[in-house]
Amino acid sequence: MSLMIVDFVPDLILAFLVICMAWGAMHARSRHDAMAMFVAFGLVVALIWARLGAPDLALAEAAIGAGLTGVLLLQAARQIPAEPRTMKKTTVQFILPLVFIVLAIALFASQLFSDDALNISEQARIRPDVGLSAPSMSDRVHLAMPDSGVGHPVTAVLLNFRAWDTLLELLVLLLALSGLRQLYPSSQSAQKKSDGPLVRGPEPWPLLLAWSRFLAPLLIVMGGYLLWRGADAPGGAFQAGALLAAAAVVLRLAGLLPALRWSSLTVRLAINVGALLFMTVAALTLYFGAGWLHYPAAQAGILILGIEVFATLSIAITLTLLVIGEYEDLHT
Amino acid sequence: MSLLLDSLAWLLMIFGLLFFITGALGLIRFPDIYSRLHAVTKTDTLGLGLLAAGLAIKSESVSTALLLLFIWLLVLASGAVSCQLLARYSLESDPAATGISEHIPGESDDR
Amino acid sequence: MSWLASAILFTALAGLWRITHADTTADRLLGLQLLGTTGIAFLLVMAQWLEQPVWREVALVLALLAAVITVALVQLLRGKSL
């Protein structure tokens, strides 16, 4: 019994850390403070996903939350002039979080003590005997695994059983990028600015250059590994794309990579190829096969691999553009 | 696993933990950024190394031990480089505030 | 094993304290560095504790990204100061 309580201590510390960091990110004194807090928050959330036994999410959160978001926030802070904090704390701003906290605790407690929770644990205990009479979601996934074409349940759900959701997620990423592009200054003002001197960062130190040259290949190898492993183990297109984007961001900031420009046809093609291929497959399965995104079982593996490879490319380029932007485009 | 190996692994891991605690204390107690850099990038890296060595013994698998070694080497290199980068950055952004700036070679020292 | 994981996480509180009490941005990045290292250590201990080797790979990714964030943020911040 005492051993079980000891096992909860890491969880309690993680919960304490994540609440402190969320609070810190919201109420930081400066934007740099908030940025550091948010990156730390992402890191702790990745650890929490790990503790909850969700390695796919832990990988994604580590890559996005702890890696790219910090750069994204700092880049945004750099482009938006700092303004003095004039926000006055009203009573509502204190009461609303309090209400949410009370609600969350109430919900948690009601789940903990309700009959449902007991029933679920009861079911879990007797499920082997019940057999297939009342299959849960995870049972249904495991039953359908042989036809999915991959060996990892999460990948099977993401790219086969619920592929429609993943396709829409890719489109959301495209929407985010087009939304960001709307926020860039119009092409006329960009033309005007192009007469001025090119604003460049300082020359990177040789140490930073060497380290970037060392780090980027490692990131690319790791991204490729996660993509390749995604079929049978945690990993996949999104995590791989995020790692590739991290490599591109490091190289770009060190000045080792030319700017990725929206005006280049290759970049636009790379950004769209993932969603385009996905939709082509969907249309083909609708026309020739069993229906929208119902892969034939024999070709499911190769189809998923193809979609994942191109989705990785699209995700990587999109994330890179989202994070470091093409702010130098203003001067072309 | 023999008792000897197991106790060696635990000894290594406890020493690693001690280094982690020392690094955390240093991060809190040391007066300026330059001394705090030592606490984090050196002490914690050593702590992680000892911990990884202990875990490698406990895992009883060569491939796991190699992976742990690789992770540690990566953290080692990353810690050393990050220490340099952060120190140079704080020197560059605010050399006057440290009070030790006259002892530090200037920008020309860009090996 | 779990007490070891707890103790390692406990040292992460120092990183939290440093970020909240930082005078400079370098201090905050240093706090992040400590959090990254303790996170890696926690994942490695957890891989052994729960006998799930996948956490070692997550630790590897975290190690890579902890390196990335310092490099990227320092270069970005230098660009800002000049």
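Trainee: At what angle do helix α12 and helix α13 of chain A pack?

Mentor: This is a predicted model, in which local features need pLDDT of at least 70, side-chain atom pairs count only at pLDDT 80 or more, and totals for chains, interfaces and linings use all residues. Residues are numbered from 1 along each chain as its sequence is written, while chains are lettered from A and ligands numbered from 1 in the order in which they are written. Helices are DSSP runs of H or I, at least four residues, numbered from the N terminus. With axes 8 Å apart, α12 (residues 265–288) and α13 (residues 300–324) of chain A pack at an angle of about 150°.

Trainee: Are α12(A) and α13(A) roughly parallel or roughly antiparallel?

Mentor: Angles under 35 degrees count as roughly parallel and those over 145 as roughly antiparallel. The angle here is about 150°. The two helices, α12(A) and α13(A), are therefore roughly antiparallel.

Trainee: Which element gives the most to the side of chain B that touches chain C?

Mentor: Two residues are in contact if their C-beta atoms, placed from the backbone, lie within 7 Å. By that rule, 35 residues of chain B are in contact with 36 residues of chain C. Elements giving two or more residues to chain B's side are α1, α2 and α3 of chain B. The most, 14 residues, comes from α3(B).

Methods. Axes fitted to C-alpha atoms, helices over the stretch in contact; angles between N-to-C directions. Parallel < 35°, antiparallel > 145°, perpendicular 65-115°, else oblique.
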